[in-house]
Amino acid sequence: MLLAPEVGLSINIPLGKELLMSMNRQAGVANKALWRRTMVAGAVGLLVASSAVYAQQVAGSITGSGAPGDVVTIEGKAIGINRTVKVGTDGGYAVSQLPAGSYVVTVTRANGTKKTVNVEVQSGAGAVANFAEDLQRIVVTGSAVKSIDTKSTETTQLLTRAELDRIPVAKNVTAIALLAPGATQGDSRLGGNALRSGNIASLGGASPAENTYYINGFNVTNIVNGVAFNQIPSAAVLSQEVKTGGYGAEYGRSLGGVLSVVTKRGTNEWTGGASIEITPESMMGSSVYPEKNASGKWVLKDRPGGTDSKIYNLWAGGPIVEDKLFVFGVFQGSDIVAKSYGANTQTEITTNTPQYLVKFDWNLTDSHRLELTSFSDKTTDKSKDWESTEAYGTAKGAYKGPSEVTAGGANHILQYTGSITDDFTLKALYGIGKYDRSSALAGADCPIVQDRRTSTILSLGCWTGTTITDPAANDKRTAWRIDAEYVLGAHTLRAGLDNEKYEVVDGTSYSGGGLYQVRVLNPGQTLANGYSNTSGTAMEYVRFRKFANGGTFTTKNSAWYIEDSFQATKDVLLTLGLRNESFENLNADGKSFIKIDNTWAPRLGAAWDVFGNADLKLLGNIGRYYIPVYANTNVRLSGQETDYQEFYAFGGSFGTDGKSVPTLGTQLGSRATTSDGQTPDPRSVVDPNIKPMYQDEIMVGLEKALGDRWVVGAKYIHRALKSSMDDMCNDEGAYNWAIAEGYTSAQADEVAAAIGHCFLYNPGGDLTANVDLDATGTLTKLTIPAAALGMPKPKRTYDALQLTLERSWDKQWMVRGSYVLSFSKGNTEGYVKSDIGQDDAGISQDFDYPGLMEGADGYLPNDRRHTFKVFGAYAVNDEWRLGANFILQSGRPKNCFGVYGGTTDGVSQLYGDASFWCDGKLNPRGSFGRLPWTNELSLQANYAPAWQKGLSFSVDVLNIFDKRGVRGIEEGEDQGINDPDSIYGRPITTSLQRPRTVKFTAQYEF
């Protein structure tokens, strides 16, 4: 679709799909694997682990072997859990849905002989306690010794709170996710707001908008465009898991990865603590800005500015009723001040919104429990803005006023877990989540005025933000799910269903009602409304754009799944699953405009314990994954939207009333209108036969145990996008097809108008549209063949070889490392377009017109050919511990976008710098090489004095050498790629590696 409203100054792509002016047409209209077998005991350290993959990975399991008839008692003394099962006739037992923690496992023989061992259970993982016939040989797998999980077919990384504390890494979901193999930093322009840049990850070659995020099993992904999510205070995190492939049938709505956070909980012992984290601005690396040097090369120069941060955490937890009712709570306060000094504006942002989490756990009986989690991550950024009297200097000019931007909200999650029998477990969840996206910006009544006649863009007037969000903008999610598990001999059968409803209030408009840009139109160049400069000399002009949309929208997603984990032989586990999903999107009038039922997503996994002793595992997985239509599509495609452009000769001066609106001369051509403010007929904006976006995945690999604590692995992953959804605006192709089919010129105009306002369909295929051919109000269903529209089929493939190395912590040292060789290739990134920082999920500029897709095939924005990661910790003695984290990564492919110069269609050129035509010729994706490699080293030192138990001090230095590698550049040709005033190649400031940051932490726990 038409490019999103320009955000900030980094997007320099003139809007194009406006209207075919030449024809005067207005386009408006886990699987818990029960492996009951007797293992040969005594292979200490090379142990069999059984992975319990439950809904959203909030629980673990204990499985093992013994003599048939043995009674196994599992007691979690700290949390009042007591479960008893019998060893089956095949010599195996299993207890599922155990909260993470320490357990005492006791086996009692028929003759009264007992043996007791301690086992550590982690969320989303299985522990093993195997008891030999004579009870003298016991093999136990918990968190102390690393072993191969012979029952898992996933690509996953789990980090507990203790492990995270040993690593110098920012304590947020994305930073932790980026430690996983196959994870790369997403474009900084995605997922941000008016005051802050984005911070999201691309997983497994998918776009950053294609992940799902869970907290205690509840989906907290923001459904508007997928690039935001709720979070909890870092002191409340028990563990975080990142799945980048091969996940089971209980998971859906994701083509990238699944990020799951599990919170801490209260126990039978009252515990608590307090911490303060101080990040002083004075010890940060320098802020920088890009500037061309004398040779025309972009360089980074120091400027003032930085962030001073203090974050406070208080937490406590314990029994309200011993063994029965527990509580855990965290309060987080902050005092954050960020100062930035730009070319035209100075900004000071303060954040001090308190956040909290509270969790109650109620053991109704030994077999039934309830959990209630409530938290709020609502944050309000308050800013003050001044005009700059000198570019990037500290001298303040006129005060522009205060602004506020709010994000996040309150979430409430109720869960029930019941062990109905030894073999049947039931789990149910109900949750309500909110996400506030409102803003109140200073200068909201001032239009946006930019002087873009040189590479230094001047912002004039009293505006402070490009877009103004509806003050009532917010999202509400209401969701429930039920999961059941039944063990039947060698089969573990699992099934479930879930339902999610999203209510979105959204609205966006330009500040002050419009955007004014003063630009230069060189001889022979054409504007978006078709006006061409035939004067033979350069001329200055004003581009005005009016944009506003909004409404209230509902999105409904539902699914059910069934899965069988089958112990086919003593050493081979097969997992066969099937997921069925349905999606429905309603427009601003509450009418359904997209309804897709019964998508089928099969999953098949296999794990082979080659030697039967967990020394070597071969695994494989094949599956299909779907993703829903995001609410952004509701807003942009089926909302009430006004969008048009006008062009004028520049009158030579700017207004003096503080708003600096440029004087307008003669209008150049006529108005180019995209949307006329009406809610379109839901039958007229989407193909009734549309299929949702999905991809197929194949993964094979092996894992090998080396010694007691070492595990190495290798995996090959192939992902291929099989269907994509996007909007298409090729009214030319539609008109020419209609004429060729014998329709009248007037009817062909109606066909073109139906498509030209941008129509949602599956690119590369036939298009079915409902068209009012004779302007009578009667719609006729037409099918336009793919050949007439000239669109290529969407392509996106990801091929990766992952090599991993891990040594588990032994109170002395640990290390994890990975190398990933990957190839992410195709003609579309997916739900967003990082090339230009466009987060219009599902309706990006891609596939609007055929000319825009010429040369689009190549290596995609999230392609990082080589990535090395290693992190670990070393205990110097009982008091001192050191940690390190290092990443080395190759750069992103570089493109050049310019005005379309081909002949495929006559509209792509009106988009401005939006095609792969640059410097007068077609330059396919990635033709301009790659950005340089980046590397970053972070270190940590922790001191826990022996004289005071529970007290610790640490210092984390992130990016110790203050590397400021460039991860993104301006790729629009602008005034000509070789023009001295062109901004092509300018580093995007927010895309630079973050400056060196020093964090001091003092903590006391009791």
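This is a predicted model: local features need pLDDT of at least 70, side-chain atom pairs count only at pLDDT 80 or more; totals for chains, interfaces and linings use all residues.

**A sheet, then a helix and its surroundings**

Modeller: Let's start with an open sheet of 4 strands, paired antiparallel in the order S3-S2-S5-S6. Its edges are strand S3 (81–86) and strand S6 (114–121), each of which pairs on one side only. Going from one strand to the next, the twist averages 20°. Look at strand S5 (residues 101–108): 8 bridges join S5 to S6, and the two run antiparallel.

Now for the cores. The largest nonpolar core has 64 residues, and Ile232 and Tyr831 have the most contacts inside it. Strand S37 (residues 592–609) gives the most to this core, with 4 residues. Click on Tyr831 and you'll see that it touches, among others, Ile627, Pro628, Val629, Tyr630, Met693 and Met725. There's also a second, separate core of 25 residues, which includes Tyr735, Trp737, Ala738 and Tyr761.

That brings us to helix H4 (residues 731–740), which is mostly covered, with 7 of its 10 residues buried. Among those buried in H4 are Tyr735, Trp737 and Ala738, and these three also belong to the second core. Asp731, Glu732, Gly733 and Ala734 are buried in H4 too. What does the covering? It includes helix H5 (745–756), strand S47 (780–784) and helix H6 (786–789). Finally, just after H4, look for Gly742, which takes a positive phi of about 95°.

Technical notes
Residues are numbered from 1 along each chain as its sequence is written. Side-chain values use heavy atoms; hydrogens and water are left out. Two strands pair if DSSP finds at least two bridges between them. Axes are lines fitted to C-alpha atoms, for helices over the stretch in contact, and angles run from 0 to 180 degrees between N-to-C directions. A nonpolar core is a set of buried Ala, Val, Leu, Ile, Met, Phe, Trp, Tyr and Cys residues joined through side-chain atoms within 4.5 Å. Buried means under 20% relative accessible area, exposed over 50%, partly exposed in between (1.4 Å probe, protein chains only). Contact means heavy atoms within 4.5 Å. Lists of a residue's contacts leave out its neighbours within four places in sequence.
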